[in-house]
Amino acid sequence: MEDKSAAVSKSDQVESLTSMKSTVRKLESALSQMTESGANTNLVKKRLHAVSAGLAVLENAWEQKPHSYTPEDLAEASKVLQGLIPSVENSYAKSKAGSPQRTLLERRLVALHQAVQAIEDSSATQAADSD
């Protein structure tokens, strides 16, 4: 199986990992605030789990860090990440050209796409290994 991670430059890998870590922190903060205010946290928990799984798979692909997510966890994470992409694209389209917000959203989009791809690659590798 071809290693697609080699096609992503080291600087792009660093940007994507940084973006995913930032997204995890943002979701953790939102979860904390929502928990304190008594708001429903199901969606934020689901997104936090998915982004954390995506980050773990990228770290596994690019830095050979192990992760403990099951194929079922990763399949669910992939669906959630794919569901996030249109809303990030929408925010990106509304953002001002050259703004820091637009740069952040651009990096987040790239990172989300890479995470989904890494999960798909990981699932294909696991399926091939089990044959």
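In this predicted model, R102 is buried yet takes part in no salt bridge. The nearest side chain of opposite charge belongs to E106, 5.3 Å away, whereas a salt bridge requires the nitrogen and the carboxyl oxygen to lie within 4 Å. R102 is found in helix 4, which spans residues 100–130. Leaving aside residues up to four places away in sequence, R102 touches Y92, S95, K96 and A97.

Elsewhere, charged side chains do pair, and the structure holds 5 salt bridges. One of them joins E15 to R107, with the closest N and O atoms 3.4 Å apart. Because E15 lies in helix 1 and R107 in helix 4, this pair ties together parts that are 92 residues apart in sequence. E15 is partly exposed, at 35% relative accessibility, and R107 is also partly exposed, at 38%.

E59 forms a salt bridge with K21, the closest N and O atoms being 3.9 Å apart. This pair links distant parts of the chain, with E59 in helix 2 and K21 in helix 1, 38 residues apart. E59 is buried, with a relative accessible area of 14%, while K21 is partly exposed at 35%. E59 also forms a salt bridge with K65, at 4.0 Å between the closest N and O atoms, and K65 is partly exposed at 37%. Together with E63, the residues K21, E59 and K65 are linked in a network of salt bridges.

The second largest pocket has a volume of about 300 Å³. Of its 15 lining residues, T23, K26, L84, V88 and R108 are the closest to its centre. Helices 1, 2, 3 and 4 each supply at least two residues of this lining, which comprises 8 nonpolar, 4 polar and 3 charged residues.

Notes:
Residues are numbered from 1 along each chain as its sequence is written. This is a predicted model: local features need pLDDT of at least 70, side-chain atom pairs count only at pLDDT 80 or more; totals for chains, interfaces and linings use all residues. Side-chain values use heavy atoms; hydrogens and water are left out. Helices (H or I, at least four residues) and strands (E, at least two) are DSSP runs, numbered from the N terminus. Buried means under 20% relative accessible area, exposed over 50%, partly exposed in between (1.4 Å probe, protein chains only). Lys and Arg count as positive and Asp and Glu as negative; His and the chain ends are not counted. Contact means heavy atoms within 4.5 Å. On a 1 Å grid over the protein atoms alone, a cavity is a set of points where a 1.4 Å probe fits but cannot get out, and a pocket is an open set with protein on both sides within 12 Å along at least five of seven lines; lining residues have an atom within 4 Å of a point. Grid points are joined across faces, edges and corners, and a volume is the space filled by probe spheres set on the points. Ala, Val, Leu, Ile, Met, Phe, Trp, Tyr, Cys and Pro count as nonpolar, Asp, Glu, Lys and Arg as charged, and the others, Gly among them, as polar.
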